[in-house]
Amino acid sequence: MSERKDIRSMTLPELTEDLVSSGLPKFRAKQVYDWLHKKYVAEFDEMTNLSKDLRETLAEQYVIYDAKVLQKRVSAIDGTVKYLYELNDGNTVETVLMKYKYGYSVCVSSQIGCDMGCTFCASTIGGCERDLRPSEILAQVYTAQRDMDIRVSHLVLMGMGEPLLNYDNVMRFLELLTCEDGVNLSMRHVSLSTCGIVPRLYDLMELRPQFTLSVSLHAPNDDIRRRIMPVAKRWDIETLLKACRDYIAATNRRISFEYAMMSGVNDSDECARELASRLKGMLCHVNLIPANEVRENDYVRSSDERLTAFASILERSGITTTVRRTLGPDIEASCGQLRRNHAKEMTEK
Ligand code: SAH
């Protein structure tokens, strides 16, 4: 038997073409698409307006990639929910659901693990196992919506993985998520975070995406950046910032720079001044993140006083700056921690 097709990664026109070419009427495709992208079923047998025969035929030809809740932690402090999902092949992936005044925002993973090697990040410790399929990124959203009986209005691609190294699947995921026959999320409510894969930034700007691009900068110069982000050895900071300026010119959209504040590493006044001079005049925004302390490394988050001082130097230079509040501090809500603990528990058993 030939390999079954990944049905939830198909667009409605693709699914229609497939089903019509096997002799089915067009409206069947819409029905199936509804089950997959509006009712979030994970079994063909749940598609109750299709005949049993048709459900069986579909199951022979297609597979539905799903994300099943393996662990769920709810923060007692702010209601943030962290899921550890199990995928069809037994791999696990993390997703975080955050509640804001404006609605629910979900933070999804784009790869299982990550190869980028940032020294402060827990997602990258075991390397990248594999890319996620569009359907597996979608399922992270769908399962959370189904589990909580809510609709997500905002999405950030800031979980495990480097989204621009899984470029085609991530773009298709976004196409499906923003499609009016599915969740119909607004592209303007999406943020994609990258550590700065320069050639992919050039590919991306040609598409003039309507989402917000976040670039993980974390340092004001190559010296510091190379110590904490191996990707900086491949593309130096000036090459990256040139790509960012080109991106802004091509898309006319503001870039958000992520900067995780680590005590004694990148949080001095001098760092702030250097950063300010590099970013001067750019249509950008700096998002200071008090670094999450993870068990696997020794970084210490900067003090509140440091954060404030750093932010005010940037602000004085005319650079819009925000300090991100930490959500779910009691549930290990930051990148990679839950999956690593789960893997550890499994090996210790
Ligand atoms: N690979 C993408 C998305 C990853 S995670 C990227 O590099 O942007 C989203 C953000 O969390 C990135 O800015 C990442 O650098 C940051 N991050 C990872 N570990 C962190 C930690 N321990 N504390 C604070 N921020 C962290």
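This is a predicted model: local features need pLDDT of at least 70, side-chain atom pairs count only at pLDDT 80 or more; totals for chains, interfaces and linings use all residues.
Figure 1. Is Arg 55 buried or exposed? Arg 55 counts as buried because its relative accessibility is 15%, and the cut-off for a buried residue is under 20%. A polar atom of the Arg 55 side chain lies 2.9 Å from the backbone oxygen of Leu 50. Leaving aside residues up to four places away in sequence, Arg 55 touches Phe 44, Asp 45, Met 47, Thr 48 and Leu 50.

**Figure 2. Strand S4 and its pairing with strands S3 and S5.** Strand S4 comprises residues 81–87 and is mostly covered, with 6 of its 7 residues buried. Strand S3 (residues 67–74) pairs with S4 in the antiparallel sense, over 7 bridges. Strand S5 (residues 92–100) also runs antiparallel to S4, and 6 bridges join these two strands. Tyr 85 of S4 takes part in both pairings: Tyr 85 is the bridge partner of Val 69, and Val 93 in S5 is the bridge partner of Tyr 85. In a regular strand, side chains alternate between the two faces of the sheet.

**Figure 3. The two hairpins that include strand S4.** The hairpin of S3 and S4 has 6 residues between the strands. Within this hairpin, Gly 79 adopts a positive phi near 80°. In the hairpin formed by S4 and S5, 4 residues lie between the strands. Its turn contains Gly 90, whose phi is positive, at about 90°.

**Figure 4. The shell of residues around the ligand.** Which residues come nearest to the ligand? Of the 17 residues around the ligand, these are Gly 161, Ser 193, Ser 216, His 218 and Asn 292. By class, the shell consists of 8 nonpolar, 7 polar and 2 charged residues. A polar side-chain atom of Ser 216 is positioned 2.6 Å from an oxygen atom of the ligand. For Glu 162, a polar side-chain atom lies 3.0 Å from a nitrogen atom of the ligand. Asn 292 contributes a polar backbone atom, which is 2.9 Å from a nitrogen atom of the ligand. The ligand taken alone exposes 530 Å², of which the protein buries 94%. Strand S10 (190–194) and strand S12 (255–261) are the elements that give two or more residues to the shell.

**Figure 5. His 218 in the loop between strand S11 and helix H7.** His 218, one of the residues that come nearest to the ligand, is placed in the loop between strand S11 (212–216) and helix H7 (222–228). His 218 counts as buried because its relative accessibility is 5%. Its contacts, not counting residues up to four places away in sequence, are with Phe 120, Ile 228, Met 229, Glu 258, Tyr 259, Ala 260 and Asn 266. The C-alpha atoms of His 218 and Arg 172 are separated by 29 Å, and the two residues are 46 residues apart along the chain.

Figure 6. Most residues other than glycine have a negative phi. Arg 208 is not a glycine, yet has a positive phi of about 45°. Arg 208 is found in the loop between helix H6 (198–207) and S11. The phi of His 218, also a residue other than glycine, is positive and near 65°.

How values were computed: Residues are numbered from 1 along each chain as its sequence is written. Side-chain values use heavy atoms; hydrogens and water are left out. A residue is near a molecule or strand if one of its heavy atoms lies within 4 Å of it. A polar contact is a pair of N or O atoms within 3.5 Å; within protein, one must be able to donate a hydrogen and the other to accept it, and residues adjacent in sequence count only if both atoms are side-chain atoms. Accessible areas come from the Shrake-Rupley method with a 1.4 Å probe; for residues, only the protein chains shown count as cover. Ala, Val, Leu, Ile, Met, Phe, Trp, Tyr, Cys and Pro count as nonpolar, Asp, Glu, Lys and Arg as charged, and the others, Gly among them, as polar. Buried means under 20% relative accessible area, exposed over 50%, partly exposed in between (1.4 Å probe, protein chains only). Two strands pair if DSSP finds at least two bridges between them. Contact means heavy atoms within 4.5 Å.
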